[in-house]
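Good morning, and thank you for coming.

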Amino acid sequence: MRKRTLKRGLTAFWWFTLAFLYLPLAVVVLFSFNASNSAASFTGISLRWYTRLMGNEEILSAFANSMILAISSSMIALGIGCLIGYGMYRHRQRKLGWLIVLIYLPIVLPDIVFGISEMAFFVQVHRLTGLLQPGLITMIIAHVTFQIPFVALIVYSRFVGLDPTLFEAAKDLYASPTKRVIHFMLPTIKPALISAFFLSFTLSVDDFVISFFTAGPESATLPIYIWGAIKKGVSPEINAIAALMIGAVAVAAVISLMFSRRRPA
Amino acid sequence: MAYTGVTPSARSRGMVREARHLLFTVAPGASWIVIFLVLPAAYLMGVAFMTNGPYGLPQMPLSLESFRRLAGFGFLGWSPGNLYTLLRSLWQTLVSTGLVVLVAYPIAYYISTCRETWRPIMLLLVVVPSWTNQVIRTFGWMNLLAPGTPLSELAESLGLIAPNMGLYPSNFAVTLGLVYNFLPFMVLPLYAAFEKLDIAQVEAAQDLFASPVRAFWHAVFPQTLPGLLAGIVLVAIPAFGMYVIPELLGGGKGMMLGNLVANQFAGGANWPLGAAGAILMLIATFIGLFVMRRIGKRLGGGEEVVI
Amino acid sequence: MNDSLTLDTAEASRNENVETAREASSIELHGLHKRFGRHTVALNGVDLTIEAGEFFTLLGPSGCGKTTLLRILAGLEEADDGRLAIGGKDITEVPPHKRSVNTVFQSYALFPHLSVRENLAFGLKMRGLPPVEREARVAKIAEFIKLGDLVARRIDQLSGGQRQRIALARALVNEPDVLLLDEPLSALDAGLRSQLQVELLRVQKRLGMTFVFVTHDQQEAMVMSDRIAVLNGGVIQQVGPPREVYEHPVNAFVARFMGHDNLYPITARQGNRLTTPLGELVADQAGEGDLLLIRPETLDLLPGEVAGDNHLLAVVNERLYRGSHAEYRLEVGAGTLQATLNNRGRHLPEVGDRVTVTVAPDDLVTLSE
């Protein structure tokens with residue numbers, strides 16, 4: 001009897017927590033369809049904020065910046081992180097403690113410390129050499145820095161899961177070092193590379209703090225644009241662009257769910 | 001047959017080749033992190049010991065001035081502003097971490113009691129909101145807590161806030177935002193602990209102890225402790241350095257250490273002071289990691305938590 | 001040679017020496033040394049010649065260096081010292097992917113991202129054979145090894161025995177000078193194992209290729225090999241045909257490893273008369289050495305007490321009836337003796353019976369520790 005009451009209480013608490021988790025997102029999506037300007041009252045359904053979005057050059061360029069930043073940083077991080085992941089695997093017998101510390105450093109450092117370190121560094125390098133003016137380039141550098149560890153760890157764990165004799169079989173079957181990379185290693189770790197790329201991409205699009213401190217005046221990304229708009233005073237357009245980003249995440253969630261189900265145990 | 005020695009060539013050639021391979025694979029990434037993170041962070045630490053110059057830029061000579069400023073000593077004598085900010089950061093971290101535990105613990109337990117096919121979906125439901133951008137999530141709370149919204153009006157009618165004030169900006173809004181932001185970080189490690197729970201121990205405890213509370217305390221709680229502690233570190237460290245949530249939901253009187261630090265850089269006010277604050281955060285981070293490692297070793301359940 | 005796996009394209013595809021392409025290759029090893037780390041000695045001066053077309057087995061307990069030797073042949077491990085030649089050509093410093101040597105790995109090491117067909121064609125593709133020829137040779141080998149209907153499958157859809165066959169075919173399709181097999185049957189259950197032993201032997205005889213086979217199972221080694229090398233502690237103990245190694249082991253290690261338990265110290269000798277804990281025995285060729293080996297199957301049991309040379313009184317302690325034969329444990333003098341009697345319509349003494357054990361003088365072997 002008591003057990004059933006407990007279970008019922010927990011179920012109620014679960015739904016309450018879910019509501020808590022989704023309420024802020026739901027409000028954003030709801031008000032993105034609001035016909036009126038007011039943030040406090042919902043007067044009717046309209047798509048006017050979405051159509052306005054399309055005409056807003058600043059938003060479009062922020063979107064483009066976000067994409068350029070996410071794609072290029074993910075590509076660079078994929079290359080560098082993949083090499084490190086393989087190196088960690090191949091030399092796992094050695095004492096690589098210093099490398100592990102280095103790899104985890106970007107993950108454990110608080111965002112704000114990460115961001116201002118980069119900013120202070122870039123500003124000084126720019127003052128001294130004229131290179132690395134704050135902008136997309138500095139943002140890409142910063143993003144690659146926090147993406148590398150994730151790529152390296154994903155690739156490393158994929159290699160660890162392989163039968164080590166596969167590497168020897170490839171050698172034994174006449175594959176030169178280059179051909180081993182092209183015909184054996186890359187195809188074998190392809191799933192890991194794909195998921196590492198998507199994770200890097202998501203991390204980049206999601207990041208605000210580090211982008212904020214490394215960005216230049218021309219290189220605002222979507223989160224930076226939204227931040228600026230909120231600080232200036234809420235415009236209902238923000239709801240629309242935010243709702244679109246929430247939608248993108250929802251699609252990603254569904255895809256990841258489908259993938260996790262298809263994968264055998 | 002006596003084996004006298006090895007021709008050095010074959011062995012050393014192999015070792016040189018391996019070393020070159022290690023260098024080739026690891027050097028690009030390692031040097032990237034060293035150049036673009038270790039060096040900048042080292043520079044930042046150095047800045048903390050320099051003097052504030054024009055435009056907030058650091059200059060020589062070295063001094064402890066910025067740490068004095070951080071403690072509240074300025075041109076106009078001592079003022080408590082910075083100290084309040086520090087204490088507020090600590091307080092907010094403590095309260096929000098505590099609240100996150102209170103919410104996450106039953107949720108993680110509940111998920112672990114549900115049917116196995118549902119569990120991944122339930123976990124996903126908990127995690128998905130944290131995939132959206134932090135700024136957008138916080139913006140959602142601004143919409144919910146602004147003056148004139150149903151929640152604010154409810155609070156008003158209960159006499160909790162002054163009329164027409166709204167629930168935000170306030171310290172309460174910051175706490176709420178922190179709890180919202182970090183809930184998944186606590187649910188995941190706790191769920192992992194519950195999933196591994198030894199049911200036999202729980203049943204034995206139910207036989208041994210008369211009350212379910214004591215059974216829980218002696219059989220269930222100790223087994224979930226590693227997950228709980230991992231969660232606390234995962235929540236408390238980033239909460240202590242939080243910037244976005246207090247900036248948007250806190251207003252002037254809700255500032256935390258992250259804002260203090262950021263303002264010294266964003267406005268070009270005082271880099272050394274900001275750097276000193278960053279050092280404080282770094283110290284907190286390393287204490288947290290150290291505690292987690294120690295506990296992980298002692299409990300033997302060295303949870304590798306990956307978010 | 002009619003049966004052998006020859007195709008028109010085979011000649012053109014050979015790495016080098018086109019004229020010797022279809023001849024099997026011999027292997028010569030000189031003074032091979034290999035250490036791991038500072039202290040672990042894997043090979044301590046190995047000299048060995050393996051004849052062309054031989055089924056040669058490296059036999060020994062785990063850690064004896066047999067797998068290291070195989071890996072050095074494949075090029076997967078570099079010897080610290082010594083030379084290695086295949087078909088008369090020194091290949092000590094040739095990297096593995098340039099050696100005309102292929103390996104069947106213990107774990108099979110089939111590529112999980114490729115289908116069976118792609119696995120089979122991998123080596124040919126890496127050597128740059130045009131797709132048409134690859135297809136032809138893969139089809140031929142698939143037929144040869146009887147796995148025609150499996151080639152379209154994925155690796156994870158195969159049973160252990162099928163994987164083993166694919167691994168063999170993937171190596172054979174390259175027509176290497178030498179095929180190396182690293183305990184390829186150890187993961188299979190007993191029935192499948194003996195079936196594949198026969199199959200493997202047939203394949204080797206039909207192709208006439210040089211096979212180097214590694215195992216720790218002396219039964220398997222004896223069934224399959226033309227010659228066996230027994231290794232221990234990185235040193236070759238004995239090389240010879242199975243019968244020689246089994247019937248005339250050169251030392252106690254080889255004898256025990258070949259499954260012999262009836263080893264007795266010789267406490268005194270007078271010409272051919274040897275004193276052992278069992279009693280006095282006469283051996284035809286009493287060579288050097290202070291140990292006497294009595295193989296169980298050379299013994300005969302006579303009912304009752306019969307006097308004579310090499311006649312020892314015994315009591316039956318234990319009898320294991322196995323149908324085709326029976327195994328006995330006897331108490332003889334101050335020791336115990338094992339005997340195997342074939343069941344050819346004869347009297348099989350019971351436990352507790354007093355019997356006389358006899359052995360022919362030319363069946364006794366002396367050896368040193």
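Which residues of chain A does UniProt list for "transmembrane region"? The unreviewed entry gives residues 12–33, 59–84, 96–116, 136–160, 181–202 and 240–259 of chain A. UniProt positions follow the numbering used here, feature names are shortened, and annotations may be inferred rather than shown by experiment.

Before going on, I must state that this is a predicted model, in which local features need pLDDT of at least 70, side-chain atom pairs count only at pLDDT 80 or more, and totals for chains, interfaces and linings use all residues. Residues are numbered from 1 along each chain as its sequence is written, while chains are lettered from A and ligands numbered from 1 in the order in which they are written.

Residues 136–160 of chain A are 100% helix and 0% strand, with end C-alpha atoms 35 Å apart. Residues 96–116 of chain A are 86% helix and 0% strand, and there the end C-alpha atoms are 29 Å apart. Helices (H or I, at least four residues) and strands (E, at least two) are DSSP runs, numbered from the N terminus.

For chain B, the unreviewed UniProt entry lists several spans under "transmembrane region", including 21–45 and 172–194. Residues 21–45 of chain B are 100% helix and 0% strand, with 34 Å between the end C-alpha atoms. In residues 172–194 of chain B, also 100% helix and 0% strand, that separation is 31 Å.

How many residues of chain B are in contact with chain A? There are 60, and they touch 61 residues of chain A; contact requires C-beta atoms, placed from the backbone, within 7 Å. The largest share of chain B's side, 17 residues, comes from α1(B). That side divides into 45 nonpolar, 14 polar and one charged. Here Ala, Val, Leu, Ile, Met, Phe, Trp, Tyr, Cys and Pro count as nonpolar, Asp, Glu, Lys and Arg as charged, and the others, Gly among them, as polar.

Finally, we turn to chain C. Its domain assignment gives domain 1 (3–100 + 176–256) and domain 2 (261–367), with bounds from an automatic or database domain assignment. Taken over C-alpha atoms, the centres of these two domains of chain C are separated by 36 Å. Their contact takes six residues from domain 1 of chain C and five from domain 2 of chain C. On the domain 1 side, four residues are nonpolar, two polar and none charged.

Note on methods
Two residues are in contact if their C-beta atoms, placed from the backbone, lie within 7 Å.
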